[in-house]
Amino acid sequence: MALIYGCGALWGGEWRAPDGAREGESEMSDVVRGIQQVMTSRATIEGAGVHLRRAFGPDHTPLFDPFLMLDDFRSDKPEEYREGFPWHPHRGIETITYMLQGEVEHADSLGNKGVIGPGDVQWMTAGSGIIHQEMPRGDAQGRMGGLQLWANLPAAEKMRDPRYQGFRAEQIPEVTLEGGVRVRVIAGEVGGQQGPVQGIAIAPEYLDVRVPAGARFAHPTGRGRTVFAYVLEGSGRLGPLPDGAIEPMAWDHTLVLFGDGDRVLAAAGDEALRFLLISGEPLREPIAWYGPVVMNTEEELRTAFDEYRRGTFVKQRTG
Ligand code: MN
């Protein structure tokens, strides 16, 4: 990985090993990930009437395996979000809330309570089950915004104890790279900086990347992982890059799923580009999904909803 990161010959042309590289490393493969699919997030309504945009979801399994869904709930109209997501259960998944502006008030069946604010992340492993509510609150100007990603849990961890990893904006490292590219590292590693979210089965990377106008970004991904980008601001290109001028192919709300390879490339043209870059190890397990519960079999789904009706859904009552 270190050989690729920060290397001067990142953008096509021939691969050069840095000085001092051992024999053999210069022959390592170095495939730029192509584009498998480009989509645009679509307007939908969730929770108690929250207007949001879904980048991908139940219609797309198993394309994004190990990820299940990505919702973008940016809005500057309080009537579009204030009803929020009142009490509901989750089992068998992780929900990852990353805030851009405004706040989400969170409370759950374990007695946890808190506010997720701008730049904060909450990585919630529902495991065997929690019942929680997530209530958006706008900032002083009424603006609200964030992303909620759902990641699947491997069969062996679907009934594990729930766990939270919550980090404030200032606990998330920001790395500055060549060309003034800035990366907030929520999970994974960039330029020797580790993100604070650790110990997740799918070995996720979750990066918030800002590429200034005219700059380029390269990131090693390893083979076999599922990698996608979701654009938040500006425009640019993701995937293989031309030598010359950058003609934009991705804007706010564009979702790019990469094909397999060793690294991803991105570039900004005349304006800056900001996107989330997310990756994980695919699980390749059967998916039985109903609403907020995702298991491996229909029988496990029936059990979950029976238990919910009987009041035995939550297995662990202290956090
Ligand atoms: Mn929820």
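Strands here, like helices, are DSSP runs numbered from the N terminus: at least two residues of E for a strand, at least four of H or I for a helix. The bond that joins D65 and P66 is a cis peptide bond, with omega about 20 degrees. P62 lies in the loop between strand 3 (50-56) and strand 4 (67-72) as well. The peptide bond from T61 to P62 is also cis, and its omega is near 0 degrees.

Some ground rules before going on. Residue numbers start from 1 along each chain as its sequence is written. This is a predicted model, in which local features need pLDDT of at least 70, side-chain atom pairs count only at pLDDT 80 or more, and totals for chains, interfaces and linings use all residues. pLDDT is the predictor's confidence in each residue, on a scale from 0 to 100. The protein chain averages 91, and 90% of the residues score at least 70. Over residues 1-27 pLDDT stays under 50, and the model has 25 contacts beyond four places in sequence for that stretch. A contact means that the C-beta atoms of two residues, placed from the backbone, lie within 7 Å. Where pLDDT is low, the predicted coordinates should not be read in detail.

Now the sheets. Two strands count as paired if DSSP finds at least two bridges between them. Seven strands form an open, antiparallel sheet in the order 2-3-4-11-6-9-12. T95 has M124 of strand 9 as its bridge partner.

An open sheet of four strands, also with antiparallel pairing, has the order 5-10-7-8. Strand 5 (85-90) and strand 8 (113-116) are its edge strands, each pairing on one side only. The twist from one strand to the next averages 25 degrees. Four bridges hold strand 7 (residues 103-108) and strand 8 in an antiparallel pair, and A107 has K113 of strand 8 as its bridge partner.

Next, strand 17. How many of the residues in strand 17 (residues 205-211) are buried? Seven of its seven. Buried means 20 or more other C-beta atoms within 10 Å of a residue's own, exposed means 12 or fewer, and partly exposed is in between, with C-beta atoms placed from the backbone. E205, L207, V209 and V211 point one way, and Y206, D208 and R210 point the other way. In a regular strand the side chains alternate between the two faces of the sheet.

Strand 17 pairs with strand 14 (residues 182-187) in the antiparallel sense over five bridges, and V185 stands opposite L207. Strand 17 is also joined to strand 22 by seven bridges, again antiparallel, with V211 opposite L273 of strand 22.

That brings me to the nonpolar cores. A nonpolar core is a set of buried Ala, Val, Leu, Ile, Met, Phe, Trp, Tyr and Cys residues joined through C-beta atoms within 7 Å. The largest has 67 residues, of which Y230, A266 and F275 touch the most other members. Strand 22 (residues 263-280) gives the most to this core, with 10 residues. Leaving aside neighbours within four places in sequence, Y230 is in contact with A55, L70, L255, F275 and L276. Another core, of six residues, lies apart from it and includes V50, L52, Y81 and F85.

Last, some backbone details. A203 is in the loop between strand 16 (193-194) and strand 17, and its phi is positive, near 50 degrees, though the residue is not glycine. A203 counts as partly exposed because it has 14 C-beta neighbours inside 10 Å. R284, in the loop between strand 22 and strand 23 (288-290), has a positive phi near 55 degrees. R284 has 9 such neighbours inside 10 Å, so it counts as exposed. G311, which follows helix 1, has a positive phi near 80 degrees.

Terms used. Axes fitted to C-alpha atoms, helices over the stretch in contact; angles between N-to-C directions.
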